[in-house]
Structure formats: structure tokens, C-alpha cells
Amino acid sequence: MTSQLKKEKSVSKVIVITSGKGGVGKTTSSAAIGAGLAKRGHKTVVIDFDVGLRNLDMIMGCERRVVYDFINVIQGEAKLKQALIRDKRVDTLYVLPTSQTRDKDALTQEGVEAVLNELREEFDYIICDSPAGIERGAQLAMYFADEAVVVTNPEVSSVRDSDRVLGLLNSKTKRAAEEGAEPIKAQVLLTRYDRARIEKGEMMTVDDVLEILAVPLLGIVPESPAVLKASNVGVPVVLDEPSAASQAYEDAVARLIGEEVEMRVDGERKPGLLRRLFGRSA
């Protein structure tokens with residue numbers, strides 16, 4: 001039994017949800033992906049790395065239950081179990097909130113590593129909700145990652161900033177520094193997709209985005225009032241009423257764990273979409 005448990009623990013994955021630009025739906029995506037994994041029975045924790053802002057607990061609907069946070073644990077002011085908040089809707093889903101009052105310098109590489117190592121002992125998936133950009137909090141969120149989901153909108157500035165983040169994943173992480181280590185597996189999640197604006201030339205096409213970023217496509221999340229509604233009431237969109245956006249996140253989660261799922265655009269399956277680029281059943 002002991003050897004079996006060790007085997008299960010060894011497959012724990014740290015996945016960073018990151019972006020170069022703010023406002024692309026990164027925290028919403030962290031909550032949706034975390035909840036989607038937990039719905040499938042995987043014990044999952046979502047960590048807020050955005051010290052000073054702390055939006056994850058609001059989107060997850062647990063802001064009133066925060067007593068201790070990520071920084072308290074790093075600084076030895078609380079045990080990890082005291083800071084973890086168990087979701088009331090999905091019992092395999094947990095949140096580790098961060099501080100609104102501390103400085104980003106309160107995050108240390110040694111402290112983050114210690115917390116992640118402890119979480120690896122218990123959780124199947126550890127989702128790191130990174131701050132936007134390339135500053136300290138964002139770099140620490142990605143440093144120990146096994147995989148990365150780069151969230152971007154189909155806009156030039158967002159895609160350009162995401163390309164810079166991909167450069168950091170390939171150069172400023174633990175896996176990049178270790179000789180012979182497998183590189184971080186990165187995929188792009190395209191959010192706020194609006195077919196009408198793309199047809200008018202106001203947004204980039206999916207092909208154009210992927211040509212620049214040159215990483216596999218995890219999913220296409222359409223612009224949808226369901227996303228804003230879910231965030232406002234503190235429910236991850238995959239746990240709210242069915243919508244094209246919630247289905248897009250469900251499909252993205254399935255692909256994240258290795259399932260073959262046809263790509264949808266605006267809720268409709270598009271057989272053959274992007275197959276020529278990445279050889280995946282889309």
C-alpha cells in the first residue's frame with residue numbers, strides 16, 4: 001500500500017496559469033481549470049500568487065473564509081493546513097489564498113518551493129494562478145512548474161506579451177536551469193474569442209496567434225456574459241449554468257489531462273481545425 005501511495009504522489013503536477021498582459025481572464029481560467037480537474041475526481045489546489053491584489057478567493061467564492069494565507073505559511077506564521085480552504089461545492093477542490101496587505105517581496109523562492117513540495121504530497125494537481133507580466137511574483141509562480149497554460153486574447157499586444165512569457169518559461173525556470181530536464185510543456189488558451197470582431201479584422205485569427213506563439217492550442221473560450229456572471233457571484237464558470245464558455249473550459253481540462261477532444265468555436269465543434277498545425281484531433 002505504501003509503495004502504491006508513493007507512486008501516486010510522484011505524478012503530482014504543478015501547472016502555472018500565466019499571461020503577459022492583465023485582463024485576459026487568467027484568474028478566471030485558473031478557477032475554471034482547477035474546478036474542472038476537481039470535478040473529474042482529481043484532488044486539486046489553486047494557489048493565488050498575486051500578492052497585494054488577491055482576486056482568486058473572490059472568483060472561487062471563499063473570500064469570507066480566509067483566515068491565513070500563502071504568505072503566512074511561507075513566513076512560518078501558520079501551517080499549510082490552516083491556510084487551505086476546501087471548496088463547499090466540490091470536495092476535491094481547495095484554494096490557497098494570498099495576502100492583500102503584504103509586499104510581493106514576501107514571496108521567496110525557498111518558501112514557495114517548500115509549500116509546493118508539501119502540496120505535492122497530497123494533491124494530484126497544483127494550479128498556480130500567476131500575476132500578469134514578468135515581475136517577481138510571476139517568475140516565482142512559473143519557476144517550479146511542470147506545465148504552463150499561457151492565457152491570451154486574440155490581440156496583438158496580448159499575443160506579443162505572451163510570446164515574452166514563453167521565453168521566460170524556456171529560460172528562467174528550474175527545468176530550464178537543470179541540464180537534461182524535460183522542458184516545461186506549454187500550451188495556449190485563447191480567451192475572449194469574438195468571431196464577429198475577427199471577421200471585421202479587429203482581432204487576430206486563431207492561425208495567426210498560433211503562428212506567432214508556436215505552441216499547441218489548449219482551447220478557445222468565446223467572449224461570453226456567462227464568464228462575468230460567474231465571477232461576480234463567486235462561482236468558477238464550469239460549476240455555473242451550462243454555456244459555450246463553460247463547455248470550452250471543460251474541453252480544455254480534458255485536453256490538459258491527455259484526452260482527444262474536438263475543438264469548438266462558439267460552442268460548435270470544428271473537425272479539422274488546426275490539425276495541420278499541431279496534428280491533434282481538433
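Contact here means that heavy atoms lie within 4.5 Å. The model is a predicted one, and in that model Gln100 touches Gly52, Leu53 and Arg54, when residues up to four places away in sequence are not counted. Gln100 is found in the loop between strand E4 (93-96) and helix H6 (109-120). From Gln100 to Leu169 there are 69 residues in sequence, and their C-alpha atoms are 27 Å apart in space.

**The annotated region**

An unreviewed UniProt entry lists residues 12-160 as "domain: AAA".

**The largest pocket**

The largest pocket has a volume of about 400 Å³; among the 24 residues that line the largest pocket, Gly23, Val24, Gly25, Lys26 and Thr28 are the closest to its centre. At least two lining residues each come from helix H2 (26-39), strand E7 (185-193), strand E8 (217-222) and helix H12 (225-232), and H2 gives the most, with three residues. Sorted by class, the lining of the largest pocket holds 10 nonpolar, nine polar and five charged residues.

**Helix H13**

Helix H13 (residues 244-256) has 13 residues, which at 1.5 Å a residue should span 18 Å, and this agrees with the 18 Å between its end C-alpha atoms. H13 is mostly covered, since 11 of its 13 residues are buried; the buried residues include Ala245, Tyr249, Glu250, Asp251, Arg255 and Leu256. H13 is followed by Gly258, whose phi is positive, near 100°.

Arg192 has its place in strand E7, whereas Ala214 lies in the loop between helix H11 (206-213) and E8.

| Residue | Relative accessibility | Class |
|---|---|---|
| Gln100 | 45% | partly exposed |
| Arg192 | 39% | partly exposed |
| Ala214 | 56% | exposed |

The classes follow from a cut-off: a residue is exposed when its relative accessible area is over 50% and buried when it is under 20%, with partly exposed in between. Ala214 therefore counts as exposed at 56%, and Gln100, at 45%, therefore counts as partly exposed.

Conventions. Residues are numbered from 1 along each chain as its sequence is written. This is a predicted model: local features need pLDDT of at least 70, side-chain atom pairs count only at pLDDT 80 or more; totals for chains, interfaces and linings use all residues. Side-chain values use heavy atoms; hydrogens and water are left out. UniProt positions are given in the numbering used here, feature names are shortened, and annotations may be inferred rather than shown by experiment. On a 1 Å grid over the protein atoms alone, a cavity is a set of points where a 1.4 Å probe fits but cannot get out, and a pocket is an open set with protein on both sides within 12 Å along at least five of seven lines; lining residues have an atom within 4 Å of a point. Grid points are joined across faces, edges and corners, and a volume is the space filled by probe spheres set on the points. Helices (H or I, at least four residues) and strands (E, at least two) are DSSP runs, numbered from the N terminus. Ala, Val, Leu, Ile, Met, Phe, Trp, Tyr, Cys and Pro count as nonpolar, Asp, Glu, Lys and Arg as charged, and the others, Gly among them, as polar. The expected span of a helix is 1.5 Å times one less than its number of residues. Buried means under 20% relative accessible area, exposed over 50%, partly exposed in between (1.4 Å probe, protein chains only).
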